[in-house]
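I opened my notebook to look up a few things in this structure. The entries follow in the order I made them.

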Amino acid sequence: MAQICLEHVKGNTYYIPSPTNIGVYVKNGEAALIDSGNDKEAGRQILRLINQNGWELKMIVNTHSNADHIGGNQFLQERTSCKIAAAQEEAAFITNPLLEPAFLYGGFPNKDMRNKFLMAKPSNVTTIIDESGEIAGSGLRAVSLPGHYFAMVGIMTPDNVFFTADSLFPENIITKYHLFYLLDIRAHLETIEKLKTIDADVYIPSHGEPISRVDSLCQINKEKIQEILSRVREACEKPASTEEVMEKVCAVYGISLNMTQYVLVSSTIRSYLTYLYEEGSIDCEFKGHQMEWLKK
């Protein structure tokens, strides 16, 4: 990976721009990380930056357990004996990373699914945190942001800098990829509304540049979800299996699938179908040995 650098945000809050942004909060020479990047090399470079500044790594707070957020955990914990803090549901996946590709796929993942993008190295969660409230005397505060994953949290630093995890994606990513991973559509839409009420001086999404306001980005994310809901429902105009719905939606957006994309996209399509089914917009029926979705 390319060399990473440390950017000062405000007060004692920094961040490391990378494919998955990493937060750093420093108190009395002790550093707490917000996520750890996507692999061992990310962890190695993070530790180099911390050592260069004369800080001691004391804790990693994981916003959630997706592999690109916890990939540096194992290396950093082995080198520094730092604590790792996460919400209860996310901790299970951090400790047992095979759960992520198995959950996404819905069965035992084959060898091509057991890659670093879906399956990080295991690390030991030492501190279970509440999904809202102060984190283990660090000064950091968790804010519950469910939807993208089971018990995802955002992190507010004492400098009023808010790390929003994967609750918002920047417009360029939405325009390029369209279908970003979501677990619970209803919860995610509620989280988007919640973000508008959270006052911060700077908001730092896990993917994208820091911003001073979130209202317009919230609207962009919400509109894309509503658009995809319409596309999924249209794909059910005639009875269609989940695979057929996915094929139609991918064709609309020009999405090509490899093994990693397949598990992420198919899981997300199922989440959209669940939302529409529970909203009463589509129905399901069984024909022979196949479940099919149909627009109401």
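Entry one. I looked up the contacts of Lys287 (heavy atoms within 4.5 Å), leaving aside its neighbours within four places in sequence, and found Pro239 and Glu292. I note that this is a predicted model, where local features need pLDDT of at least 70, side-chain atom pairs count only at pLDDT 80 or more, and totals for chains, interfaces and linings use all residues. Residues are numbered from 1 along each chain as its sequence is written, and side-chain values use heavy atoms, with hydrogens and water left out.

Entry two. I placed Lys287 in strand β13, residues 282-287; strands are DSSP runs of E, at least two residues, and helices are runs of H or I, at least four, both numbered from the N terminus. Lys287 counts as partly exposed because its relative accessibility is 46%, between the limits for buried (under 20%) and exposed (over 50%), with a 1.4 Å probe and protein chains only.

I turned to an open sheet of 5 strands, in the order β8-β9-β10-β11-β12 with mixed pairing. Strands β8 (133-134) and β12 (202-205) stand at the edges with a single partner strand each, so one side of each has no neighbour in the sheet. Strands pair if DSSP finds at least two bridges between them; β10 (153-156) and β11 (161-165) pair in the antiparallel sense over 2 bridges. I found Ile155 opposite Phe163 in β11.
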